[in-house]
Amino acid sequence: MLRFSLLALSLVATAAAAGDLPADVQAVVDEAAGLCDGTVELREGAVSQADLNGDGTDDWVVDTGAFSCPTTATLYCGSAGCGVTTLIDGQRGDLLLHDWGTVTEGGQTYLTAPNDQGETVRFLWTGRDWQLQ
C-alpha cells in the first residue's frame, strides 16, 4: 500500500511538472508560480489528491508550502501559515495553514490543521467554503 501511495504521489508530482493537471488545478499552480520572479520548484506535496469531503472521490490540494521560489524564500509562507487551495467538485477553497491532514469520524470528513497553540482544529467543507468546527 505504501509503495502504491508513493507511486501515486510521484505521478501527481510528475503531472504537475509536465502541466498534465486538470485545467482548474493547473490555473492555481500557475497563479502561485506567477508570484515568483524566478523559476518555481514544486517539491513533494505541492499538488496532491485526497478525499476532502467524504464522497469517496479524491479532490485536489495545492499546498504552496511545498513551492520554492529562488528569489524570495518567504514568498508563499508567513507566520499565519502557507496558502493551501482545495478544489472540490469544481469549487475553490483557500486557507492559510501550517500543515494539514484529514480525518473521518461519524461519516463526516474534516480537513485538520494545527492552530497557533499547536492544537488540532477541524474544518468542514460546506460545498462553497471551509468552516472552522
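Guide: Gladly! Keep in mind that this is a predicted model. One place to begin is the second largest pocket, with a volume of about 160 Å³.

Visitor: What makes a residue part of the lining of the second largest pocket?

Guide: A lining residue has an atom within 4 Å of a point of the pocket. The residues that qualify here are Val28, Glu31, Ala32, Leu35, Thr64, Tyr76, Gly83, Val84, Thr85, Arg92, Asp94 and Leu95. By class, six of them are nonpolar, three polar and three charged.

Visitor: Which elements each supply at least two residues of that lining?

Guide: They are α2 (23-33), β6 (81-88) and β7 (91-97).

Visitor: Why is Ala33 called partly exposed?

Guide: Its relative accessibility is 24%. Buried means under 20% and exposed means over 50%, so Ala33, at 24%, falls in between and counts as partly exposed. You will find Ala33 in helix α2.

Visitor: What does Ala33 touch, leaving out residues up to four places away in sequence?

Guide: Ala33 touches Val40, Phe67 and Tyr76. Ala33 and Tyr76 are 43 residues apart in sequence, yet their C-alpha atoms are 9.6 Å apart in space.

Visitor: What makes a group of residues a nonpolar core?

Guide: Its members are buried nonpolar residues joined through side-chain atoms within 4.5 Å. The largest nonpolar core here has 16 residues, and Val25, Val47, Phe67 and Tyr76 touch the most other members. Two or more residues come from each of α2 and β3 (59-63), and α2 gives the largest share, four residues.

Visitor: Which residues does Val25 touch, not counting those up to four places away in sequence?

Guide: Val25 touches Val47, Trp60, Val62 and Leu87. Apart from this core lies another, of 13 residues, including Val61, Val121, Phe123 and Trp125.

Visitor: How do you know how confident the predictor is in the model?

Guide: The value to look at is pLDDT, the predictor's confidence in each residue, from 0 to 100. The mean for the protein is 87, and 86% of its residues reach 70 or more. Over residues 1-15, however, pLDDT stays under 50. For that stretch the model has nine contacts beyond four places in sequence.

Visitor: How many helices and strands does the protein have?

Guide: There are two helices and 11 strands. From the N terminus on, the elements run α-α-β-β-β-β-β-β-β-β-β-β-β. Of the 133 residues in the protein, 37% are buried.

Note on methods. Residues are numbered from 1 along each chain as its sequence is written. This is a predicted model: local features need pLDDT of at least 70, side-chain atom pairs count only at pLDDT 80 or more; totals for chains, interfaces and linings use all residues. Side-chain values use heavy atoms; hydrogens and water are left out. On a 1 Å grid over the protein atoms alone, a cavity is a set of points where a 1.4 Å probe fits but cannot get out, and a pocket is an open set with protein on both sides within 12 Å along at least five of seven lines; lining residues have an atom within 4 Å of a point. Grid points are joined across faces, edges and corners, and a volume is the space filled by probe spheres set on the points. Ala, Val, Leu, Ile, Met, Phe, Trp, Tyr, Cys and Pro count as nonpolar, Asp, Glu, Lys and Arg as charged, and the others, Gly among them, as polar. Buried means under 20% relative accessible area, exposed over 50%, partly exposed in between (1.4 Å probe, protein chains only). Contact means heavy atoms within 4.5 Å.
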